[in-house]
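Please look over the sequence and the model before reading on.

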Amino acid sequence: MSEMPTRRAMLGAGIALAGTAGTAGLASRAVASPAHASPSRAPSPARAADQYVTPDGPEVVDAEARRGAGPVRKVSLTAAASRFELGDGVTVPTWAYGDRLPGEAIRVTAGDTLELALANHLTQSTTIHWHGLSIRNDMDGAPGLTQQPVKPGAEFTYRFAVTHPGTHWIHPHSGVQLDRGLYAPLIVDDPKEPLSYDKEWIVVLDDWLDGVDGSTPDAVLDELTQGRGSSHDEAGHGAAAGEARSRRLKDTDSDLLGGHAGDVAYPHYLVNGRRAEAPSVFEARPGDRIRLRVINAGGDTAFRLALGGHRMTVTHTDGYPVRHTETDALLLGMGERYDVLVTAGDGVFPLTALAEGKGASALAVLRTGAGATPPASVRPKELTGELITAEGLVPDESVALAEREPDRTVRMTLTGSMAAYDWGFDGKSYDPAARRPVRAGERVRLVFTNRTSMWHPLHLHGHTFALAGTGDGAGLGARKDTAPILPGRSLTVDFDADNPGLWMLHCHNVYHAEAGMMTVLGYLR
């Protein structure tokens with residue numbers, strides 16, 4: 001294999017120089033295996049160190065102290081090569097957390113301290129990002145920005161207070177590892193849970209290509225970027241980019257997504273690690289009230305979700321409660337989560353996740369009585385019924401962000417094209433040393449304008465924002481951390497700058513992000 005560095009590999013070298021200056025807080029939290037040194041912090045450029053809060057600086061330590069230290073929940077997790085049977089005889093090599101796909105759900109209670117020891121048995125460096133959690137900055141898992149990558153053979157212990165209940169998930173923030181099997185639900189239980197239900201069904205949606213006919217996410221990124229976009233040398237299983245079959249998707253269209261639906265042709269779509277030909281089955285009794293916690297862990301696919309024969313009542317989006325709203329179907333961009341309640345009917349019902357605009361679907365089954373398993377191609381009528389998105393939801397009063405004039409407005413234009421695959425903000429690719437300043441205590445308004453011909457799910461680390469209100473005096477909209485923006489459209493969100501550090505903001509299409517559509521919001525000292 002050639003040692004010639006790619007553009008992203010060279011950028012990775014730049015990332016190492018854009019880390020944080022402080023190391024005192026890190027040493028007590030990094031745990032090295034006997035044969036390997038623990039990851040260490042890289043020095044900051046003087047301009048960044050002088051101007052911005054560092055991820056383990058005193059402001060971050062003070063913010064964590066204010067969160068309090070509750071009971072410690074200890075978890076051990078190993079990232080390693082594995083093999084999984086996806087159903088109907090399809091077996092793939094991949095990388096995963098443990099021996100399950102998705103990884104076993106991590107559960108904590110709001111107010112706990114989570115201590116998770118990660119052992120990296122992969123051939124690449126990795127990290128863990130806690131998608132949806134507002135936590136201390138040096139535990140956020142952004143390699144080269146909030147921590148150095150956890151090298152192959154090394155270990156790292158993440159420890160932080162968990163303050164807010166909700167449905168979240170974990171995944172790497174290293175290259176395109178997210179599009180392998182490295183993901184797991186992260187459920188933060190509410191000690192004063194206001195919902196009443198009989199059963200809980202965690203539903204994880206995914207698009208899958210890793211290990212199929214020689215495909216890997218790294219090879220797909222190389223194909224999309226014509227070889228300049230990989231942030232890692234291909235060190236995993238599978239063929240090199242030139243040897244694997246093409247996964248570039250063409251002629252895909254969705255009115256819901258404003259046109260082109262995605263870039264990648266996935267051979268499989270999964271619910272809880274299973275193909276539609278051999279779906280996972282959730283068993284309940286007729287009349288049971290079931291809480292579904294739905295997570296889109298896909299790399300390049302929006303899913304339209306419906307449960308045949310049932311209406312759904314939306315209770316939360318991205319972990320935050322909303323005014324209960326009935327719907328037939330949901331649309332989830334990558335990284336988004338929804339909680340819904342259903343009252344189970346009597347029989348066998350398809351939970352279908354349509355890969356929006358891609359002509360395929362994933363399937364799971366709700367079984368409360370006798371009946372045949374629905375076919376893989378089933379399309380319940382609810383998929384074309386009433387569909388709710390976050391813009392149509394009203395936040396619960398307990399979490400509604402009070403409306404006020406922003407202290408700072410940050411404007412960004414989404415740029416790039418599918419042909420050049422040069423995604424970015426304001427015509428620039430990701431540079432970890434270039435920060436967009438905010439200051440603690442400010443109400444910040446982010447205004448995005450999408451000048452591209454594709455939709456993008458935008459995700460902000462370490463915070464939740466409020467969508468713009470409807471303009472009818474009802475105040476700001478639902479609380480989110482991930483929100484889609486359609487081509488030619490704008491998106492305005494407000495958030496309170498209450499969690500100091502350096503925070504990534506990026507498209508949650510993993511291939512767009514790795515190609516450059518990432519930026520940093522930096523808290524000024």
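What volume does the second largest pocket have? The volume of the second largest pocket is about 610 Å³. The model is predicted: local features need pLDDT of at least 70, side-chain atom pairs count only at pLDDT 80 or more, and totals for chains, interfaces and linings use all residues. Residues are numbered from 1 along each chain as its sequence is written, and side-chain values use heavy atoms, with hydrogens and water left out.

**Pocket**
- A pocket is an open set of points on a 1 Å grid over the protein atoms alone, where a 1.4 Å probe fits, with protein on both sides within 12 Å along at least five of seven lines; lining residues have an atom within 4 Å of a point.
- Thr389, Ala390, Glu391, Gly392 and Leu467 are the closest to the centre among the 33 residues that line the second largest pocket.
- The lining of the second largest pocket comprises 20 nonpolar, nine polar (Gly counted here) and four charged residues.
- At least two lining residues of this second largest pocket come from each of β16 (329-332), β28 (482-485) and β29 (490-496), and β29 gives the most, with three residues.

**Sheet**
- Four strands (DSSP runs of E, at least two residues) form an open sheet in the order β3-β8-β7-β5, with mixed pairing; strands pair if DSSP finds at least two bridges between them.
- β3 (106-109) and β5 (129-131) are at the edges, each with a single partner strand, so one side of each has no neighbour in the sheet.
- β3 and β8 (residues 184-189) run parallel and are joined by four bridges.
- Arg107 is opposite Ile187 in β8.

How values were computed. Grid points are joined across faces, edges and corners, and a volume is the space filled by probe spheres set on the points.
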